[in-house]
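Please look over the structure below before reading on.

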Amino acid sequence: MKTIRLSIAGFGAVGQGVAHAVLLKNDYLNKQGLDLRVVGIADSKGCEIDPSGIDLEEALMRKEQEGTVARGNGTAQEMIRDLDHEIFVDLTPTNIENGEPGLSNMFSAFESGRHVVTSNKGPLALRFTDLKEASEDNGLFFRYEATVGGAVPIFNLVHEALGGNTVVGIEGILNGTCNYILTRMEDERLPYEHVLKEAQELGIAEADPTYDVEGIDSACKLVIIANSIFGMKAIYRDVNVTGIKKITPEALELADKNNYVVKLICEAVNGRLTVAPRLVPKRHPLAVGGTLNVASILTDLAGRITISGKGAGSIETASSVLSDILYVARNL
Amino acid sequence: MFCSPNKLITPLCIVGGMIVSMTLELKDIPGQLVLALAPISEMHGNIMSVVHHRDERTPRGTIPVQVMFGIEQGVLDELIERLEASGVRVARVGEERLRAAVSVILIGHIVHSDIGDTIDKIDSTGFAEVVDLSLSMPGIEQPSSAYLVINAVGEKELTNALDILRDVAHKKDLLVIEPIRLNSEGK
């Protein structure tokens, strides 16, 4: 049995989802010869450390009852540096202004010899190349499947399953909130403002929906795709971004009459990065509705490969995080 | 309010495609037209018009039917094979002058920013034309939405026409919604 020790920073929806997934898959992991032990968890109030493995059920209960897992005053940085473990999992909230605290966490992890798995897109949208270099310089894995498309395994698909293919272009819907709003506007012929309020009440849109509806979130994900898949060294400013706020129900009706739907599409084609509303033929595989995410990858050998699935959600995102953890664990 | 100019050509759903005018000869018995049109639709062709020339019955007793449709380049030979295999005689195949087509949606104060001028900018190129327009105006102060089909003599000219449209739309503060780029396989 191979013992792999993890530390987790950030114990919100995704962090708790990962804890649930590890608990749920304990037998499966053991059958694979893996003993995954979470030895440290840090949230915004402090840390819990247990070198022999934290009782995750108890930690989840404490988080629910007390609002924190913290039992000590230690910081995430101290946990990363001083606690012996193999994989650091950064699940802290996305901050696209300066990438913190995830950015510092990840650099510290690489300096301390920890492999990194993350769902936090902020640091990657801002400093992908630096992070990648830091991992390579230290001979460490850097896995970030959950940063783009939630449960949809875009990077694993391209880097592993489609190995040897040259990717000609990628188009996708990478923001479930926008997809929900456009789908509802089209189905119900409702104006944008009305559907946005509905989405906010359902918890699909944030109180401040700017990042989603202006295409900023989509653009950050496209930057990660551009860097990871096309090796572009792109930053947010390289993306031409148009959001969905100006879209009218009448435009969706005209599109519908002509067998199109309107979707907020992220595209990386010919070195150009664009996030913009696009006409998608109704029968095209990109025409998925609701909060679904989708990515359509055009390659030289395999042709077009399209995958869609849930782009958000606690356990769905944890699926991608767990898959990355297992990739690292199996390769150690 | 919806209005659409009374033109024969209906909107196309292709980028990287071609517009084909084909004359088919059908036997004068029921069910022949469906037999002829099904393969076009199966190959994702977009049928724009169908005209029966009943008064031009051939010496063979068949009726010429002229079908105009948009279809992806590269599948035309297979389509002809399929049609002939199903017993439809393909008498003539011609490619139209305006071979490439794109559909776009505009949103904003389209009428007040002079829709005629916007169309003229495309039509005056000599290589591209706006061939269909549907306009929806919900209220005086509210933004309008329009669906346009632009045809051009070739792909390069179509790209130029779209550049012109983007430029005009930018100056008039109109949002242009274009089709996805990788719509055609391998393009």
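Predicted model: local features only at pLDDT ≥ 70, side-chain atom pairs only at ≥ 80, totals over all residues.

Across all chains, the salt bridges number 36.

**Chain A overall**

- The secondary structure of chain A consists of 13 helices and twelve strands.
- Along its principal axes, the C-alpha atoms of chain A fill a box of roughly 60 × 45 × 40 Å.
- Buried residues make up 57% of the 332 in chain A.
- Take the contacts in chain A between residues at least 6 apart in sequence: 70% of them join residues at least 24 apart.
- Chain A carries 32 positive and 44 negative side chains. The centres of these two sets lie 4 Å apart.

**Salt bridges in chain A**

- Side chains of opposite charge can pair when their charged atoms come close.
- R37(A) and D35(A) form a salt bridge through their side chains, at 2.9 Å from N to O. R37(A) is partly exposed, because its relative accessibility is 31%. D35(A) has a relative accessible area of 17%, so D35(A) falls under the 20% limit and is buried.
- R143(A) and E160(A) also meet in a salt bridge, with 3.4 Å from N to O. R143(A) belongs to strand 6 (residues 142-143) of chain A and E160(A) to helix 7 (residues 154-161), so the pair ties together parts that are 17 residues apart in sequence.
- E160(A) is partly exposed, with 38%.

**Salt bridges involving chain B**

- The side chains of R166(B) and E178(B) meet in a salt bridge at 2.6 Å, N to O. R166(B) sits in helix 4 (residues 155-171) of chain B and E178(B) in strand 9 (residues 175-179), so the bridge ties together parts twelve residues apart in sequence.
- R166(B) is partly exposed, with a relative accessible area of 29%. E178(B) is buried, with a relative accessible area of 5%.
- Both residues belong to one network, in which salt bridges with shared partners join E267(A), R278(A), D163(B), R166(B), E178(B) and R181(B).

**A buried site in chain B**

- N151(B) is part of strand 8 (residues 144-152) of chain B. Its relative accessibility is 2%, so N151(B) counts as buried.
- N151(B) and I19(B) are 132 residues apart along the chain. Their C-alpha atoms are separated by 9.3 Å.

**Backbone details**

- The peptide bond joining E100(A) and P101(A) is cis, with omega about 5 degrees. P101(A) is in the loop between strand 4 (87-90) and helix 5 (102-111) of chain A.
- R189(A) is not a glycine, yet has a positive phi of about 55 degrees. The loop holding R189(A) runs between helix 8 (176-188) and helix 9 (192-201) of chain A. R189(A) counts as partly exposed, at 32% relative accessibility.
- D173(B), not a glycine either, has a positive phi of about 55 degrees. D173(B) lies in the loop between helix 4 and strand 9 of chain B. At 54% relative accessibility, D173(B) is over the 50% limit and therefore counts as exposed.

How values were computed:
Residues numbered from 1 in each chain as written. Chains lettered and ligands numbered in written order. Heavy atoms only, no water. Helix = DSSP H or I, 4+ residues; strand = E, 2+ residues; numbered from the N terminus. Buried < 20%, exposed > 50% of the residue type's maximum accessible area, 1.4 Å probe, protein only. Contact = heavy atoms within 4.5 Å. Lys, Arg positive; Asp, Glu negative; His and termini not counted. Charge placed at Lys NZ, Arg CZ, Asp CG, Glu CD. Salt bridge = Lys/Arg side-chain N within 4 Å of Asp/Glu carboxyl O.
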